[in-house]
Amino acid sequence: MAAAKQLPGPQDLSDDEREALEALLFSLADDEFVIAERYTEWQVRAPTIESDISVANIAQDELGHARLYYDLLEDFGYDEPDLIWERDADEWRHSTLCELPFEEGDWADYVVRSFLFDEAEYIRLQALEGSSYPRLADRIGKIMAEEKYHREHARSWLERLCEDDESRARMQDAVDRLMPHALTLFAPTDEDIEARIDDLGIRTENLLTMREEWLDEVVPRLESVGLHVEEAQLPEQYDVHHADFDMPDELGRDQSHTDAWFDLYDEFTKSYRELGRHEAAKIMKDPDDE
Amino acid sequence: MSSEFDPDPTEAQYCAHTDYSEGTAHEELPATGEGSVGIERDVWDALYTVEDPEMPISIVDLGLIYAVGVEPETGEARIDMTLTYTGCPARNMLRDDIRSAVEAVEGVEDVLINLVWSPAWSTAMVTEQGREDLRDFGLSV
């Protein structure tokens, strides 16, 4: 692919360039922040002490990744309250996969969700390594190195939970429930803006191609452990052929969300609101505020 | 795909082994301030006094500092640094420790800390001295 022209620093972008970057960065950052928020619900509740520590650590990594993307949005003048604590719930752009509550006590839900998410994230990161926006491209290698362990963790649990029939049946339920929402990871924020993100080389693969790559990765892997994906035809490489899947009513990316999101948002902003805060309390200043 | 998991407890196996990659070595890293002179030398010396909050190792020997420069006219010290991982909870604490240490250097008027993520930190960035300090602490890298 021809290398796109390098974009300038944050202060020298045109309005169109900045709008495209913001849409992409909010999608990336919000996915990480919201899924981490959900993952933390497993702390002290995961089935083994190792998995408990793993899920806590993965949540912390995802928050770290969210921060790396939010830092880039702060370049445009936003501060932490603008980005998180005071941003209206209906302005968030994360995929609905990240916001759904876990089925109560269902570790299969966590395993399937993290598997679908981490495989998608890896494909998305590969398309950002060569981004024309240097401040974004620079941080992708670090994130990918951490994501490698997340994929390994999810894949290993995927296999273990498909070892017996009862457990596999619960995994299948989770796949049926979560798959439509996972597809929203590749839904557009807005068709024009997505096309501009590609034209400007901010991302080196478009959403449709990434979705195909992701299906080619996750569908055979799910099938290899005895799970199946409704409507998915067996993929043939390099061919755009997957059936049109049914998408949920709310896509997330376009700022439409399920009711579960509004409840989650109320929960994690509760202390901030009830204490009457107008700025994020910090023990120390942030290095990026320098 | 076969699984290593075996439900028979008499044949229990350890859980999957994770291979932690060493990461890539970079010619110019770790930066240690070797050969620096004047105020820059003093800044490096100040940075050596700052320790990781969790381990008794200097942040320079841990390989977190990528570059130091002092503007002779303004006395502005610029520190390029990274963190071991993106979710590092000590981000602000380290920054504050670094700022206090460098501000105390004679001739430094201002401190600019620039957080960078490329090249990504890995254990390949730990100096020989750092490896020794970590070994004393019970960690082998």
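Modeller: In helix α7(A), the residues V175(A), M179(A), A182(A) and L183(A) meet R211(A), W214(A), L215(A), V218(A) and L222(A) of helix α9(A), where contact means heavy atoms within 4.5 Å. By class, this contact of α7(A) with α9(A) has 8 nonpolar, no polar and 1 charged residues; Ala, Val, Leu, Ile, Met, Phe, Trp, Tyr, Cys and Pro count as nonpolar, Asp, Glu, Lys and Arg as charged, and the others, Gly among them, as polar. This is a predicted model, in which local features need pLDDT of at least 70 and side-chain atom pairs count only at pLDDT 80 or more, while totals for chains, interfaces and linings use all residues. Residues are numbered from 1 along each chain as its sequence is written, chains are lettered from A and ligands numbered from 1 in the order in which they are written, and side-chain values use heavy atoms, with hydrogens and water left out.

Two packed helices are described by the angle between their axes and the distance between the axes. Helix α7 of chain A covers residues 165-183 and helix α9 of chain A covers residues 207-224, and the two pack at an angle of about 165 degrees with their axes 12 Å apart. That makes α7(A) roughly antiparallel to α9(A), a term for angles over 145 degrees.

Elsewhere in chain A, V44(A) lies in the loop between α1 (15-39) and α2 (49-74), and V44(A) has a positive phi of about 60 degrees although it is not a glycine. V44(A) counts as exposed because its relative accessibility is 73%, given that exposed means over 50% relative accessible area, buried under 20%, and partly exposed in between (1.4 Å probe, protein chains only). Q255(A), in the loop between α9 and α10 (259-268) of chain A, also is a residue other than glycine with a positive phi, near 75 degrees, and Q255(A) is partly exposed, with a relative accessible area of 28%.

In chain B, a cis peptide bond with omega about -5 degrees joins S118(B) and P119(B), and S118(B) lies in the loop between β3 (110-115) and α3 (128-137). Not counting residues up to four places away in sequence, S118(B) touches D138(A) and Y66(B); S118(B) and Y66(B) are 52 residues apart in sequence and 9.8 Å apart in space, C-alpha to C-alpha. The peptide bond from L29(B) to P30(B) is cis too, with omega near 0 degrees, and P30(B) is found in the segment before α1 (38-48) of chain B.

Notes
Axes are lines fitted to C-alpha atoms, for helices over the stretch in contact, and angles run from 0 to 180 degrees between N-to-C directions. Helices (H or I, at least four residues) and strands (E, at least two) are DSSP runs, numbered from the N terminus. Angles under 35 degrees count as roughly parallel, over 145 as roughly antiparallel, 65 to 115 as roughly perpendicular and the rest as oblique.
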